[in-house]
Structures are given as structure tokens and as C-alpha cells.
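Reader: I'd like to walk through a model with you and learn how to read its features one by one. Where do we start?

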Amino acid sequence: MKNKLRQFIELYLAFLKIGAFTFGGGLAMMPIMQRELIEKRGWITEEELIDYFAIGQSTPGIIAVNVATFVGYKKLGWFGGIIGTLGVVTPSWVIIMLLAGAISSVDKYPLAQKALRGINVAVAALLTSVIVKFSKKTIKSFWNVFFMLLAFALIYFFKVQSVWIILAALVTGCLLTLYRQKKKLVVPENDDKSSGTQHETDSEKEDK
């Protein structure tokens, strides 16, 4: 019982830290999630984190909350999903409650504006680092590069919503997987037929 309670506390504190030290939204949480959940604790793999972000992007709700729910559920079941979600939203809830009255006046202070711009630059650098690292694990063929560039062009130049890109990628991935599986099934059948034909030819030669 004490061990279980310790795990729940560790889960809550891990996502509390992620929520408290992240600026810029759900995608900006990827670097710290990678460090806290993968490198430091080994709760998930990099492939799983990418999958969670993809699912979180295409499902209703905030990406960070969805990812926290997925990880918490994987680690400690339904209650773990709730604990992870509470952990990641607690800092934002507390800060908003304390600073709600002052938020409207932040734009009036040049120092605050410069601080926010500096934070945005740091977030952009962290995201770039994570994208490069994850790309090495996910982009392994010509078609991966093609679909990545196509998705970027559709989002950046044609302003297509990312949810449609993710759904299209999901359908394309399913179709390609089915095609490859069907192709693998056909090849052994052809090999069997070739073996049978060769065996018949050898038998004919022996008879002669």
C-alpha cells in the first residue's frame, strides 16, 4: 500500500514539475516530458511519447492534459490517469487564480514583454532540439520524408488544420500497413508454387 501511494505521489510530482516549468503550450512540453518521463524515469519510450502527442493532437482537449492522462493510465491505471492530469493542470490553475487580475495589465510593462519574448525564443530552441532528435527515430525512408514535407507544406502554406493532417496520416498508415501485409502473404504463396514446379521438373528429369 505504501509503495502504491509512493508511486502516485511520484507521478503527481512529475507532472506537477512538467506543468510548472513549461511555457508555450502542449507542444512546448515535449522537451521536459522527454527528460522527465523517458530519460530520467523510463516510464515510456520516445516512440510512445510521439504517439501520445499525435493522439492528443487529434482528440478533443488540451494536448498536455491528454498526454498526462495516457502516461498516468499506462503507469498506474485509471486512477493514475486522473493523478497525472491533476498534476499537469495544478500549476496553471494556481497561477491563473493568483494573477488573473494582473494579466490584463502585463502588456503595459515593456520589461514583461521582453521577458515573454525571451521565453518564446527558448521554447523555440527546445522544440527544435526535440524535433531533430525525434526525426532521427521516425523518418527512416523516402516516403517518410515525402509525407513530412507534404504535411509541413499543407499546414504552413495552405493553413490546413493539423487534425486533418493527422487523420489523413492515420488512414494512409493503415492502408500502407494492409498493403505490406498482403504483399508478404502473396510472396510465400508464389515461393511455394515455384518450389512445387521445380520439384515436378526434377521428378520428370529423373523419370526420363
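Author: With how elements get their names: helices are DSSP runs of at least four residues, numbered from the N terminus. Keep in mind that this is a predicted model. By that naming, K159 sits in the loop between α6 (142–156) and α7 (162–207).

Reader: Let's zoom out. How many helices and strands does the chain have?

Author: There are 7 helices and 0 strands, so reading from the N terminus you get α-α-α-α-α-α-α. The chain has 208 residues, and 22% of them count as buried. Among contacts with a separation of 6 or more, 54% are between residues 24 or more positions apart.

Reader: How should I think about a nonpolar core, and which residues have the most contacts inside the largest one?

Author: The general idea is that in soluble globular proteins, nonpolar side chains tend to be buried together. Here the largest nonpolar core has 26 residues, and F15, M33, L37, L49, V67 and V71 have the most contacts inside it. Two or more residues come from each of α1 (2–20), α2 (30–40), α3 (46–58), α4 (63–103) and α5 (110–138). The most come from α4, which gives 8 residues.

Reader: Take F15, then. What does it touch?

Author: Leaving out residues up to four places away in sequence, F15 touches M33, L37, A68, V71, G84, G87 and V88.

Reader: Now α2. Why call it largely enclosed by the rest of the structure?

Author: Because 8 of its 11 residues are buried. Those are M30, P31, I32, M33, Q34, E36, L37 and I38. After α2 comes G42, with a positive phi near 70°.

Reader: How do I describe the way α2 packs on α3?

Author: Two packed helices are described by the angle between their axes and the distance between the axes. For α2 and α3, the angle is about 140° and the axes are 11 Å apart. That angle makes α2 oblique to α3, since only angles over 145 degrees would count as roughly antiparallel. The crossing is right-handed. From α2, the contact is made by M30, M33, Q34 and I38, and from α3 by E46, L49 and F53.

Reader: One more: N66. Buried or exposed, and what is it in contact with?

Author: N66 is found in helix α4 and counts as buried, because its relative accessibility is 12%. Apart from neighbours within four places in sequence, N66 is in contact with G56, T59, P60 and G61.

Methods: Residues are numbered from 1 along each chain as its sequence is written. This is a predicted model: local features need pLDDT of at least 70, side-chain atom pairs count only at pLDDT 80 or more; totals for chains, interfaces and linings use all residues. Side-chain values use heavy atoms; hydrogens and water are left out. A nonpolar core is a set of buried Ala, Val, Leu, Ile, Met, Phe, Trp, Tyr and Cys residues joined through side-chain atoms within 4.5 Å. Buried means under 20% relative accessible area, exposed over 50%, partly exposed in between (1.4 Å probe, protein chains only). Contact means heavy atoms within 4.5 Å. Axes are lines fitted to C-alpha atoms, for helices over the stretch in contact, and angles run from 0 to 180 degrees between N-to-C directions. Angles under 35 degrees count as roughly parallel, over 145 as roughly antiparallel, 65 to 115 as roughly perpendicular and the rest as oblique. A crossing is left-handed if the near helix is turned anticlockwise from the far one by less than a right angle, and right-handed if clockwise.
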